[in-house]
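Hello,

Here is the structure we talked about. Please open it next to this email and follow along.

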Amino acid sequence: MQEKNLFLADTLNARTFALAEKSGLPLMTICSTCQGVMSQANQRLTEDPEYLAQVNETLADEGLEYKGTIDPKHLLWIIAEDLGIDFLETKIVRKLEGFKFAPFYGCYIVRPSKALKLDENPNRKQALEQVIEAVGAEVVDFPGSTLCCGFPILTINPKNSQTMVANHTIDAKDRGADSMVTPCPLCHLNLDGYQPNAAALAKRDIDLPIIHLPQLVGLSLGIAPEKMRLNKHLVSTKKLLSELADAP
Amino acid sequence: MEVIFKVQRFDPESTDLVSHFQEYNVQLTDSSTVLDGLIKIREEDDGTLSLRCSCRAAICGSCAMRINGEAGLACNTKIIDVMPQDGSPIVIEPAGNLPVIKDLIVDFQPFWAKFKAVEPWLQPGDIQPEGEYIAPEEDMVHLAGVVSCILCGACVSDCTVLEVDDSFLGPAALAKAYRFSRDPRDESDDQRLAQLNEPGGVWDCTRCMKCVEVCPKGVDPMDRIMLLREKVMDAGHNNTSGARHANAFAKFLKNSGWLDELKLPVMSFGIFNIKAMIGLIPLGIKSQLAGKRPPIFHHKLSSAKEIKKIFEKVESKK
């Protein structure tokens with residue numbers, strides 16, 4: 001919406017924030033892109049009272065008003081900051097030892113750093129690695145971990161989009177990753193759904209399962225894979241899950 | 001304090017033509033910059049280390065390079081801000097997405113070619129005012145941020161699209177295009193916006209915000225590209241996948257309160273784009289088999305009416 005009409009986009013986000021305020025509950029998302037979009041909208045809304053007043057004028061028709069008290073938070077941050085890695089460790093029933101996971105943050109949970117308050121919360125740059133280590137697995141470092149998955153240009157420039165998928169998944173695979181973990185469903189969509197196209201483009205097999213952050217945490221908490229729809233990925237998770245089942 | 005630099009070296013006259021890393025230990029103070037360190041290496045330790053620099057005050061834009069993997073100006077990056085806590089070295093590499101000439105010096109020719117392609121100069125109309133051209137203050141204040149560009153190339157270095165496709169005009173050239181397109185004295189928008197609507201133009205940006213993050217002058221290239229998209233669509237260029245996507249996105253939201261994920265890719269590619277439609281089939285079949293298909297019948301959200309009202313109210317003001 002941002003490129004169509006920024007004020008309209010901010011007003012729609014303010015509506016969500018106003019509804020959250022009314023409910024008296026904090027606002028959580030499981031999506032990096034939502035996090036980025038909401039954090040930026042919130043920054044514009046809260047740093048300029050005049051702007052907020054204009055937005056509220058539109059919301060008034062519905063009897064809503066955004067007071068500026070919402071701090072939207074990704075599940076990843078809630079695990080790492082609010083609950084704490086130590087707390088997560090106490091809840092783990094199934095250590096994923098011997099598995100190697102490549103963290104893929106994507107863009108909007110690391111940029112722009114100001115709206116996402118990364119300077120005040122430097123831990124946010126390492127949170128995904130911390131969760132991977134907490135569940136007992138090994139982190140596979142690779143340069144693309146905070147770069148673009150290609151999703152936003154999926155229909156605009158499929159070749160560029162799929163080249164990005166190929167570069168990141170091949171890089172992680174060649175560094176020994178069993179799977180890639182992402183806190184962003186849109187990154188998942190592109191890295192999982194378009195991996196076969198990317199493999200064809202790169203003229204090689206990739207076959208790297210892409211796991212959602214909640215699925216990784218869920219596995220370590222002993223939640224059944226089918227319950228988390230791990231059987232519904234386009235890049236099959238079968239091998240990964242059978243290795244997990246066979247592991248001591 | 002002792003600082004370890006790990007610098008990427010490349011010598012075009014060497015026989016193997018492969019870059020390698022070289023480590024240097026340098027004594028610096030708390031207030032030293034990365035550039036202070038590199039100059040000290042060159043002057044006291046290794047005269048063969050090549051780099052560009054001039055003003056040392058973030059004005060000339062000569063010393064953009066990658067510091068610990070991210071582009072920035074060596075002259076306004078303090079050592080204490082980038083020195084790893086664990087004692088590992090500060091990694092210095094040349095700017096990315098441009099050919100390396102030697103060590104930290106890159107060839108700016110591709111940068112200038114794209115810059116030139118957007119015709120970065122004022123193109124007023126045929127009718128000239130009797131006195132000077134008058135520009136409203138608010139317009140020029142709006143442009144102040146983008147005028148601050150010092151052409152250092154940090155944004156180009158880290159652009160994730162240029163990494164996979166060098167035909168993209170890139171963040172620096174597009175930000176400059178915005179600077180002139182938005183100037184009230186410039187009257188060449190018809191031709192500018194038509195050019196920016198072409199492949200390699202505004203729609204190829206992937207909105208990763210790398211350019212926004214690494215720009216040392218707050219130019220926010222990506223935000224300028226988004227404003228250019230808005231201008232391009234307002235000028236009636238709505239027949240690109242990007243424009244169709246933006247328009248379809250807004251339409252779904254306005255009419256139902258949320259996205260119709262089944263129809264969105266079809267509308268973005270364009271229903272008559274036979275090649276893309278056929279390309280969607282394998283993914284459609286695989287998604288269907290995996291049970292990941294979005295609902296066929298898209299229903300309205302319970303709050304769709306309220307959302308539509310917001311659209312109508314805001315759009316009537318535009």
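Start in chain B, at Val7(B). Its bridge partner in β5(B) is Ile92(B). A caution before going on: this is a predicted model.

β1 covers residues 2-9 of chain B, and β5 covers residues 90-94 of chain B. The two run parallel, and three bridges join them.

Now widen the view to the sheet. Five strands of chain B form an open sheet, in the order β2-β1-β5-β3-β4. The pairing is mixed. Which strands sit at the edges? They are β2 (20-27) and β4 of chain B, and each pairs on one side only. Neighbouring strands of this sheet are turned against each other by 35° on average, direction ignored.

A helix goes with these strands. α1 of chain B, residues 34-45, lies across β1, β2, β3 and β5 of chain B. Its direction makes an angle of about 95° with β2(B).

Next, the domains of chain B. The domain assignment gives domain 1 (2-106), domain 2 (109-234) and domain 3 (241-317). Take domains 1 and 2 of chain B. Over C-alpha atoms, their centres are 29 Å apart. How many residues are in contact there? It is 15 residues of domain 1 of chain B with 15 residues of domain 2 of chain B.

Look at the domain 1 side of that contact. β3 (64-67) and β4 (70-73) of chain B each supply at least two residues to it. The largest share comes from β4(B), with four residues. By class, this side of domain 1 of chain B has eight nonpolar, five polar and two charged residues.

Then move to chain A. It has ten helices and six strands. Its C-alpha trace spans about 60 × 45 × 30 Å along the principal axes. Why call its overall size that of a compact globule? A compact globule of 248 residues would have a radius of gyration near 18 Å, and chain A has 19 Å, so the two agree.

Buried residues make up 50% of its 248 residues. Count the contacts in chain A between residues at least 6 apart in sequence: 77% of them join residues at least 24 apart.

The two chains also touch. In contact are 33 residues of chain A and 38 residues of chain B. Which elements of chain A give two or more residues to its side? They are α1 (6-23) and α6 (158-174) of chain A. α1(A) gives the most, with five residues. By class, the chain A side has 13 nonpolar, 13 polar and seven charged residues.

One last stop: Gly63(A). Find it in the loop between α3 (49-59) and β2 (73-74) of chain A. Is Gly63(A) buried or exposed? Count its C-beta neighbours inside 10 Å. There are 9, so Gly63(A) counts as exposed; the cut-off for exposed is 12 or fewer. Gln43(A) and Gly63(A) are 20 residues apart along the chain, and their C-alpha atoms are separated by 23 Å.

Best wishes

Conventions:
Residues numbered from 1 in each chain as written. Chains lettered and ligands numbered in written order. Predicted model: local features only at pLDDT ≥ 70, side-chain atom pairs only at ≥ 80, totals over all residues. Domains from an automatic or database assignment. Contact = placed C-beta atoms within 7 Å. Nonpolar A, V, L, I, M, F, W, Y, C, P; charged D, E, K, R; others polar. Rg over C-alpha atoms; globule rule 2.2 N^0.38 Å. Buried ≥ 20, exposed ≤ 12 C-beta atoms within 10 Å, placed from the backbone. Pairing = 2+ DSSP bridges. Axes fitted to C-alpha atoms, helices over the stretch in contact; angles between N-to-C directions.
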